[in-house]
Amino acid sequence: MAKVIKQLKSTADVSNHRRAKAIQQKYKCPICKGTLSGKITLDHCHSTGHTRSTLCDSCNMSEGKVKAGILYMTPKTNLGYTDKIQWLKNLVKYWEYHEKNPSGIIHPTFDLKTGKQKPVKRKRK
């Protein structure tokens with residue numbers, strides 16, 4: 001585990017660190033590359049507590065949802081559970097491969113006329 005240099009103890013500490021990180025990042029979100037404005041979040045690892053960077057609110061929420069999505073109903077032996085970063089790299093490779101090599105077979109929930117996914121109506125239980 002990385003060495004602990006300092007623990008932020010108050011909301012003022014968090015606010016000051018968030019501001020310093022945003023300045024260091026030139027007010028750019030490292031994920032979407034957009035300008036940090038409005039609600040700026042000090043992202044941190046929920047396993048270790050270490051702060052990472054400041055993110056725009058949208059990217060911070062999306063990052064959390066991606067992690068939750070990887071772990072949803074995932075067995076502990078699955079790569080998504082044991083190595084989330086490798087799982088994400090594999091996902092990107094998968095998307096890149098299929099973007100360059102489309103199957104030519106269209107799923108029934110895709111509307112060829114509009115070029116969009118059709119709304120899926122699920123049966124209620």
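**Where to start: Thr-54**

In which strand is Thr-54 found? Thr-54 is found in strand S2, which covers residues 51-56. Helices (H or I, at least four residues) and strands (E, at least two) are DSSP runs, numbered from the N terminus. At 0% relative accessibility, Thr-54 counts as buried; buried means under 20% relative accessible area, exposed means over 50%, and partly exposed is in between, with a 1.4 Å probe and protein chains only.

Leaving aside residues up to four places away in sequence, Thr-54 touches Arg-18, Lys-21, Ala-22, Gln-25, Pro-30, Leu-36, Ile-40, Thr-41 and Leu-42. Contact here means heavy atoms within 4.5 Å.

**About the model**

This is a predicted model, in which local features need pLDDT of at least 70 and side-chain atom pairs count only at pLDDT 80 or more, while totals for chains, interfaces and linings use all residues. Residues are numbered from 1 along each chain as its sequence is written, and side-chain values use heavy atoms, with hydrogens and water left out.

The pLDDT is the predictor's confidence in each residue, from 0 to 100. The protein averages a pLDDT of 91, and 98% of the residues score at least 70. Confidence is highest in strand S2, at a mean of 96, and lowest in helix H3 (residues 79-82), at 90.

**Overall build**

Let's step back to the whole chain. The protein has four helices and four strands, and along the sequence they follow the pattern α-β-β-α-α-α-β-β. With a radius of gyration of 20 Å, well over the 14 Å that the globule rule gives for 125 residues, the protein is more spread out than a compact globule. That radius is taken over C-alpha atoms, and the globule rule is 2.2 Å times the number of residues to the power 0.38.

The C-alpha trace spans about 55 × 40 × 35 Å along its principal axes. Of the 125 residues, 14% count as buried. Among contacts with a separation of 6 or more, 27% come from residues 24 or more positions apart.

**Where H2 meets H4**

Helix H2 (residues 57-71) and helix H4 (residues 84-100) have axes that come within 11 Å and cross at roughly 95 degrees. That makes H2 roughly perpendicular to H4. Angles of 65 to 115 degrees count as roughly perpendicular, under 35 as roughly parallel, over 145 as roughly antiparallel and the rest as oblique. The axes are lines fitted to C-alpha atoms, for helices over the stretch in contact, and angles run from 0 to 180 degrees between N-to-C directions.

On the H2 side, Val-66, Lys-67, Ile-70 and Leu-71 take part, meeting Lys-84, Trp-87 and Leu-88 in H4. The residues of this contact divide into five nonpolar, no polar and two charged.

His-44 is found in strand S1 (residues 40-44) and is partly exposed, with a relative accessible area of 32%. Not counting residues up to four places away in sequence, His-44 touches Gly-49, His-50, Thr-51 and Arg-52. His-44 and Thr-11 are 33 residues apart in sequence and 15 Å apart in space, C-alpha to C-alpha.

The loop between helix H1 (11-24) and S1 holds Tyr-27, and Lys-33 lies in the loop between H1 and S1 as well. Phi of Tyr-27 is near 55 degrees, a positive value in a residue other than glycine; phi of Lys-33, also a residue other than glycine, is positive and near 70 degrees. Tyr-27 counts as partly exposed at 35% relative accessibility, whereas Lys-33 is exposed, with a relative accessible area of 57%.

Technical notes
Nonpolar A, V, L, I, M, F, W, Y, C, P; charged D, E, K, R; others polar.
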